[in-house]
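User: I want to go through this model label by label. Tell me what each term rests on.

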Amino acid sequence: MRLVAGVDSSTQSVKIVVCDAETGEIVRTSRAPHPDGTEVSAQAWLDAYRTATADPSLLEGVEAISVAGQQHGMVTLDEDGELVRDALLWNDNRSGGDAVDLIKELGGAAAWAEATGSVPVASMTVSKVRWLARNEPDHAARTQSVVLPHDWLTWQLGDRSFAPVTDRGDASGTLYFDATSNEYRQDLVRLALGRELELPRVAGPNEVVGETPWGAVIAPGTGDNMAAALGLGLRPGEAVVSLGTSGTAYVQSDRQTHEVTGTVSGFADASGAYLPLVCTLNGARNLVATAELLGVDLAEFDKLAQSAPPGSEGVSYLPYLEGERTPPLPEATGQLLGLTLKNLTPANLARATVEGVLWSLAYGIEVLRREAGDIGRITLTGGAAQSAAVRAIAPAVFGLPIAFTEPFESVAVGAARQAAWALTGELPDWKVPVLGQHEPDEHEVKAAGELGERYLDLLHRNFPQTTA
Ligand SMILES: Nc1ncnc2c1ncn2[C@@H]1O[C@H](COP(=O)(O)OP(=O)(O)O)[C@@H](O)[C@H]1O
Ligand SMILES: O=C(CO)[C@@H](O)[C@H](O)COP(=O)(O)O
């Protein structure tokens with residue numbers, strides 16, 4: 001058996017899987033937590049990786065490795081390749097105003113969508129670069145290069161024996177990369193920073209970019225959502241909804257989208273195609289927060305949520321606990337609305353939380369459908385895909401069949417699949433452990449329409465800027 005490893009260096013933790021390169025069978029796993037917060041030293045990701053791999057038997061016999069990472073984070077390097085400051089992560093909202101400025105300066109949202117496939121929001125690397133230039137001129141002056149979380153960790157795994165590399169998927173989330181021509185847009189870096197940056201070379205999807213000190217092949221790696229698409233074997237006409245720290249919804253496409261409202265980002269994928277994607281800042285943590293508020297564990301939370309009727313008897317939960325990105329409301333806070341003496345129950349509160357989180361993506365999925373074609377089925381992934389309530393309520397909110405898997409680290413497995421591709425030259429066919437599928441019934445589709453209208457109305461009334 002030839003072994004390959006995949007690393008998922010995501011927001012809350014690092015997860016590692018070791019797989020049979022031919023079948024994808026998972027033979028070993030490990031994980032370690034990341035520090036909390038939206039401003040984190042990249043060194044902490046390497047430390048977590050070292051903790052997770054401290055047992056030498058984990059990577060024994062592994063012939064290839066690949067790192068997938070949280071997208072967009074700004075890792076600043078000086079002329080010696082040392083870290084200039086802590087990384088600003090994708091969910092750090094301080095660059096919200098910078099995104100607005102950059103949109104104006106390039107001539108509007110359509111100009112950005114045309115140039116890069118996406119419209120800047122606080123999350124995008126280009127907005128963080130502008131924030132650095134504006135707020136920390138000394139750090140900006142020392143910054144020779146900006147790389148992404150997965151680029152940096154990949155470079156460290158190779159003991160810095162090659163120049164930093166990235167891949168087309170993660171590069172497309174910087175907003176200074178054009179995934180149609182596969183070229184950087186240094187003019188957009190200049191717009192953000194006032195000068196050009198040294199940027200990592202964009203490796204091919206199954207290129208061998210280097211070797212670890214212990215002799216394993218290193219694959220290019222990619223962004224975490226791109227890796228999950230690989231891990232789940234995403235096919236045209238199907239979507240993935242991921243509920244980790246973020247909420248994401250995406251499809252694979254053979255053409256780049258250029259959606260001007262910024263709801264859908266026109267990212268590239270890790271296979272040479274595209275990955276139009278909707279991302280919210282508020283995924284699984286809403287469920288965890290409400291469960292804590294109710295004083296129950298996640299299993300009990302699931303039971304409560306499923307015991308309430310669709311629509312939560314009028315209780316609505318706008319899940320903007322960490323501000324929001326889609327729609328771009330970096331300063332927003334969460335809202336709990338429609339409460340009465342009769343409906344204020346733990347069950348309605350639990351269900352409304354799930355409905356609010358799912359609805360915030362359903363709203364984006366409608367735009368995704370318009371931009372990238374119809375969607376026949378959604379596969380759930382990310383931490384909260386293990387929630388029975390999410391699985392049961394999703395068909396009612398999306399009005400679509402919902403497939404779910406056994407506990408499955410789709411990002412890490414996707415990275416491992418890429419490693420196998422780099423090792424053997426062939427992208428292997430790996431079986432996805434689909435456990436079941438819930439179909440929406442007619443009543444649920446109707447309920448989805450009503451819930452959608454209620455939430456859109458609440459969004460527009462509470463955040464009038466979204467109606468403009
Ligand atoms: N059954 C569950 N219900 C709801 N949330 C869950 C469940 N299991 C895990 N989570 C949450 O999912 C999140 C982790 O998901 P993950 O996809 O690993 O996140 P990330 O990739 O952003 O680090 C954590 O906030 C965790 O508490
Ligand atoms: O910013 C995005 C996508 O554009 C996020 O999806 C990050 O890539 C973080 O992912 P998770 O840690 O939530 O998996």
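User: How do α10 and helix α12 pack?

Analyst: Helix α12 spans residues 346-372, and its axis lies 9 Å from that of α10, at an angle of about 170 degrees. Axes are lines fitted to C-alpha atoms, for helices over the stretch in contact, and angles run from 0 to 180 degrees between N-to-C directions.

User: What makes α10 and α12 roughly antiparallel?

Analyst: Angles over 145 degrees count as roughly antiparallel, under 35 as roughly parallel, 65 to 115 as roughly perpendicular and the rest as oblique. At about 170 degrees, α10 and α12 are therefore roughly antiparallel. Asn286, Leu287, Thr290 and Leu294 of α10 meet Pro346, Leu349, Ala350, Thr353, Val354 and Val357 of α12. In contact means that C-beta atoms, placed from the backbone, lie within 7 Å. By class, these residues are seven nonpolar, three polar and no charged. Ala, Val, Leu, Ile, Met, Phe, Trp, Tyr, Cys and Pro count as nonpolar, Asp, Glu, Lys and Arg as charged, and the others, Gly among them, as polar.

User: What kind of model is this, and how is it numbered?

Analyst: It is a predicted model: local features need pLDDT of at least 70, side-chain atom pairs count only at pLDDT 80 or more, and totals for chains, interfaces and linings use all residues. Residues are numbered from 1 along each chain as its sequence is written, while chains are lettered from A and ligands numbered from 1 in the order in which they are written. Helices (H or I, at least four residues) and strands (E, at least two) are DSSP runs, numbered from the N terminus.

User: What makes α9 and α14 roughly perpendicular?

Analyst: The axes of α9 and helix α14 (residues 410-424) cross at roughly 75 degrees and come within 7 Å. That value falls in the perpendicular range, therefore the pair is called roughly perpendicular. On the α9 side, the contact includes Asp224, Ala227 and Leu230. On the α14 side, Val411, Gly414 and Arg417 are among the partners. The contact of α9 with α14 holds seven nonpolar, four polar and two charged residues.

User: Why is α11 called roughly parallel to α13?

Analyst: Helix α11 (residues 298-307) and helix α13 (residues 388-398) pack at about 25 degrees, with axes 8 Å apart. That angle makes α11 roughly parallel to α13. Asp302, Ala305 and Gln306 of α11 meet Ala388, Ala389, Ala392 and Ile393 of α13. Five of the residues in the contact of α11 with α13 are nonpolar, one is polar and one is charged.

User: How do you know where ligand 1 lies?

Analyst: Domain 1 (3-223) and domain 2 (224-400 + 433-468) both give residues to the shell around ligand 1, so ligand 1 lies between them. Those bounds come from an automatic or database domain assignment. The shell has 16 residues, and the closest are Ser10, Gln12, Gly244, Thr245 and Gly383. A residue is near a molecule if its C-beta atom, placed from the backbone, lies within 6 Å of it. Helix α10 (residues 284-294) gives the most to this shell, four residues. By class, the shell around ligand 1 has five nonpolar, 10 polar and one charged.

User: And what places ligand 2?

Analyst: Both domains give residues to the shell around ligand 2, so ligand 2 also lies between them. Its shell has 17 residues, and Thr11, Gln71, Trp90, Gly244 and Ser246 are the closest. The elements that give two or more residues to it are α9 (224-231) and β19 (274-280). The shell around ligand 2 divides into three nonpolar, 13 polar and one charged.

User: What makes His72 and Pro327 worth a look?

Analyst: Most residues other than glycine have a negative phi, and most peptide bonds are trans. His72 has a positive phi of about 75 degrees although it is not a glycine. His72 sits in the loop between β5 and β6 (75-77). The peptide bond from Thr326 to Pro327 is cis, with omega near 0 degrees. Pro327 lies in the loop between β20 (316-318) and β21 (335-337).

Technical notes: Two residues are in contact if their C-beta atoms, placed from the backbone, lie within 7 Å.
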